[in-house]
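The sequence and structure come first, and the description follows.

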Amino acid sequence: MASLAGLTLRTEGQYLIAAGAFDAQGRLLASRGKAVLVPVGERVFLGLRGSGEPLTPGKAPPLLSVAGRRLIPLICYEAFSRLTSLKGQAAGGDLIAVLASDRPLVGNRFAWEQAVGAVILRAVEQHAPAVRASLAGPAVIVSSDGRVLARSEPGTSGILTWAPVEGTQG
């Protein structure tokens with residue numbers, strides 16, 4: 001089964017958080033580095049820097065092909081970036097796929113709801129279905145009209161699925 005997954009890429013002088021498209025054998029076919037970095041935590045802001053290594057912003061357009069679908073891969077905080085998501089759609093993407101850690105949000109239901117809300121907003125304004133995967137927060141499947149079709153609870157492990165009921169559309 002082909003897949004999309006988050007990964008860390010390190011090359012000489014660069015450290016990127018990325019989305020990777022993998023084939024059924026697990027080989028990396030293409031990747032896209034996170035372009036919208038969180039102030040302080042991932043990049044220097046007003047002279048402040050978090051405890052981690054600063055990331056290098058990615059330059060590739062937000063578009064990856066997985067199993068015949070043209071995905072708009074948004075990494076964590078990028079779900080809040082309307083411009084990034086629209087660039088992916090302009091490049092031909094038709095499904096928004098958000099890969100999130102949510103580790104800094106653990107236990108904060110308000111923050112989790114904001115993160116899910118950003119995915120719903122992107123789906124509605126772009127008339128595109130969306131999915132969200134998370135290591136520590138909720139996963140969702142969202143229709144192009146903003147309906148949450150499936151949702152997992154934080155701390156749940158597994159694959160979130162949704163099967164349309166006859167006569168309905170996602």
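## After helix H1

In this predicted model, helix H1 is followed by Gly92, a residue whose phi is positive and lies near 115 degrees. The helix itself spans residues 82-90 and packs on the sheet, where it touches strand E5 (69-75) and strand E6 (95-100). The direction of H1 makes an angle of about 165 degrees with that of E5.

## The sheet

The sheet is open and consists of six strands in the order E4-E5-E6-E7-E8-E9, with mixed pairing. Its edges are formed by strand E4 (64-66) and strand E9 (148-151), each of which pairs on one side only. From one strand to the next, the twist averages 25 degrees.

Within this order, strand E7 (residues 130-134) and strand E8 (residues 140-142) run antiparallel and are joined by three bridges. One residue of the pairing can be named together with its partner: Ala130 is bridged to Val142 in E8.

## The two sides of H1

Which residues of H1 are buried? They are Thr84, Ser85 and Gly88, and because these buried residues fall within an arc of 95 degrees when seen down the axis of H1, they line one face of the helix. An α-helix has 3.6 residues a turn, so residues three or four places apart point the same way.

Leu83 and Ala90, by contrast, are exposed on the other side of H1. The cover over the buried residues of H1 includes strand E3 (28-33), E5 and E6, together with helix H2 (109-126).

## Helix H2

Helix H2 has 18 residues, and the distance from its first C-alpha to its last reaches 26 Å, close to the 26 Å expected at 1.5 Å a residue. Its buried residues are Ala111, Trp112, Ala115, Val116, Ala118, Val119, Arg122, Ala123 and Gln126. Why can these residues be assigned to the same side of H2? They cover an arc of only 140 degrees around the axis, which puts them on that same side.

What covers the buried residues of H2 includes the strands E5, E6, E7, E8 and E9, as well as helix H1. H2 is in turn among the elements that cover the buried residues of H1, and E5 and E6 are included in the cover of H1 and also in that of H2. Just after H2, His127 takes a positive phi of about 50 degrees.

Notes
Residues are numbered from 1 along each chain as its sequence is written. This is a predicted model: local features need pLDDT of at least 70, side-chain atom pairs count only at pLDDT 80 or more; totals for chains, interfaces and linings use all residues. Side-chain values use heavy atoms; hydrogens and water are left out. Two strands pair if DSSP finds at least two bridges between them. Helices (H or I, at least four residues) and strands (E, at least two) are DSSP runs, numbered from the N terminus. Axes are lines fitted to C-alpha atoms, for helices over the stretch in contact, and angles run from 0 to 180 degrees between N-to-C directions. Contact means heavy atoms within 4.5 Å. Buried means under 20% relative accessible area, exposed over 50%, partly exposed in between (1.4 Å probe, protein chains only). The arc is that of the directions from the helix axis to the C-beta atoms. The expected span of a helix is 1.5 Å times one less than its number of residues.
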